[in-house]
There are 2 protein chains.
Amino acid sequence: VTTGVDLVALPGLPEIRPGDDLAALLVEAAARVGGLRPTDVLAVAHKVVSKAEGRLVALNSVFPGWEARELAAEHGKDARHVQVILDESAEVLRADAGRLICRTPHGFVCANAGVDASNAGAPDTLVLLPADPDASARALRHSLGCAVVITDSFGRAWRLGQCEVAIGCAGLAPAEDWRGRPDATGRELSATVIAIADEVAAAADLARGKDTGEPAVRIRGLERHVTAEDGDGAAALIRPLEDDLFR
Amino acid sequence: VTTGVDLVALPGLPEIRPGDDLAALLVEAAARVGGLRPTDVLAVAHKVVSKAEGRLVALNSVFPGWEARELAAEHGKDARHVQVILDESAEVLRADAGRLICRTPHGFVCANAGVDASNAGAPDTLVLLPADPDASARALRHSLGCAVVITDSFGRAWRLGQCEVAIGCAGLAPAEDWRGRPDATGRELSATVIAIADEVAAAADLARGKDTGEPAVRIRGLERHVTAEDGDGAAALIRPLEDDLFR
């Protein structure tokens, strides 16, 4: 029997502010499209999670140090913005084209350590990544009763454009390991581990318009990846430093 | 009005062999789930495209040279398999853990230059990437009358696991450029270019089981990305060499 996968953006979510009960607002929005089932996956753009958690920095509260001033001058950026990026970075891997490619304390490698000025909800305000996105996903899962993926857009080393990836997840197996399984003809698959949570994040991005205020997308039809436990989280998709292909 | 995105794998495609009329077989399979509309996107795993195009190599027809023998000995691989990988590579970027990371003549950076022994349909046979996947997508589009994305699983520099990406496309805008557009509060978006075709490939992967012989997935609800022309193809998502972050 052929079953499909269906995605729908939750309509009518309000602008999220620090301290808001995001889970309650998501439940309310989900009710407009039939609610959430335990086998659903809800993909949530990290920005609303960060805002609800108060992970915001007002630019006028930031005093840039010498390194931030130097990088800012070199790359035509606001030194206060650069200071926040440095504060959110464990390491700056590369700086070019006005973009800092950083490794965050979580282990994510992404532009500007995930610090973003767009859609911050207030002028001169920066949005940070959640401090522990897997914990954020677990908390939402426990309130919503369905699997949760928290997403952000990351660039890629060898491809142009950004793809949405999973920075947090709970109740979803983040990866599917096919190593050692036979293919249709009995030959061992040379593949591989499939980054299911990242594919979920990418799929969800197709169902929302970035300018329409639809940060949450419900995905139905992924029962085989939904788990009874919170699971390993999206941290399982971070390539360990010692396995980094460019060191 | 909230509209969703729906994905369904085309059921009952037979094993594809060199010379098969893949488009006709896809139309037949699509008919079982209601057919294809001009605004649909059909994501097709490259393996069936490569097979129909005869992009197969029998291992016993390969005579490995010294470089292949050396790499094979070093990495515990079959020297004939390595020779085929070298033949399909413009450059070997890195060799480790039994895996060669190569840049193909198309410009793709991927493991083993996309050469794969699993699900080849015959023993001791390797499947190559299509010679020109965008041309393959255009040809399929003209027969099918819908947008087409041809996909493969690529690893990532900084994340574990593979994600399905677009190696060819036609009739779908491969990227959506948000640079310069205002966000909801009128501030210019720091983002970015979204790799729509890669997100489509990733989404499609969720709707099929790799062991169930479902290489084609129909995606409905992406009207805004479907174009009247063939368009730039997935080649537009290849990061140019001079822009490579690791040179």
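## First stop: a helix on the inside

Select helix α6 of chain B, residues 196–206: 11 of its 11 residues are buried, so this helix is largely enclosed by the rest of the structure. Buried means under 20% relative accessible area, exposed means over 50%, and partly exposed is in between, using a 1.4 Å probe and protein chains only. The buried residues of α6(B) include I196(B), D198(B), E199(B) and L206(B). Helices here are DSSP runs of H or I with at least four residues, strands are runs of E with at least two, and both are numbered from the N terminus.

Before moving on, some housekeeping. This is a predicted model, where local features need pLDDT of at least 70 and side-chain atom pairs count only at pLDDT 80 or more, while totals for chains, interfaces and linings use all residues. Residues are numbered from 1 along each chain as its sequence is written, chains are lettered from A and ligands numbered from 1 in the order in which they are written, and side-chain values use heavy atoms, leaving out hydrogens and water.

## Across to chain A

A salt bridge is a side-chain nitrogen of Lys or Arg within 4 Å of a carboxyl oxygen of Asp or Glu.

Now zoom in on R159(A), in the loop between β8 (147–155) and β9 of chain A. Is R159(A) buried or exposed? It counts as buried, at 6% relative accessibility. Its side chain reaches the backbone oxygen of A166(B) at 2.8 Å, a polar contact (a pair of N or O atoms within 3.5 Å; within protein, one must be able to donate a hydrogen and the other to accept it, and residues adjacent in sequence count only if both atoms are side-chain atoms). Setting aside residues up to four places away in sequence, R159(A) touches F108(B), F154(B), V165(B), A166(B), D198(B), L237(B) and R239(B). Contact means heavy atoms within 4.5 Å.

## Rings at an angle

How many aromatic pairs are there over all chains? The count comes to two. Rings of Phe, Tyr and Trp (its six-membered ring) pair if their centres lie within 6.5 Å; planes under 30 degrees apart count as stacked, over 60 as edge-to-face and the rest as tilted. Pick F108(A) and F154(A): they sit edge-to-face, 5.9 Å centre to centre with 70° between the planes. F108(A) is in the loop between β5 (99–103) and β6 (109–111) of chain A and F154(A) is in strand β8 of chain A, so the pair ties together parts 46 residues apart in sequence. Both F108(A) and F154(A) are buried.

Then hop to chain B, where the rings of F108(B) and F154(B) have their centres 5.9 Å apart and their planes at 70°, so this pair is edge-to-face. F108(B) is buried, with a relative accessible area of 3%, and F154(B) counts as buried at 3% relative accessibility.

Next, show β4, β5 and β6 of chain B: they make an open sheet of three strands in the order β4-β5-β6, with antiparallel pairing. β4 and β6 (109–111) stand at the edges with a single partner strand each, so one side of each is left without a neighbour in the sheet. Neighbouring strands in this sheet are turned by 20° against each other on average, direction ignored. Five bridges join β4 (residues 91–96) to β5 (residues 99–103) in chain B; two strands pair if DSSP finds at least two bridges between them. Look for E91(B) opposite R103(B) and D96(B) opposite R99(B). In the hairpin of these two strands, with two residues between them, A97(B) takes a positive phi near 50°.

The whole structure has 26 salt bridges over all chains. E164(A) is buried, with a relative accessible area of 4%, and R208(A) counts as buried at 6%.

Finish in chain B with R220(B) and D40(B), which meet in a salt bridge at 2.8 Å, N to O. R220(B) is in strand β12 (residues 216–220) and D40(B) in the loop between α1 and β2 (41–45) of chain B, so the pair ties together parts that are 180 residues apart in sequence. D40(B) counts as buried, at 0% relative accessibility.

Technical notes. Axes fitted to C-alpha atoms, helices over the stretch in contact; angles between N-to-C directions.
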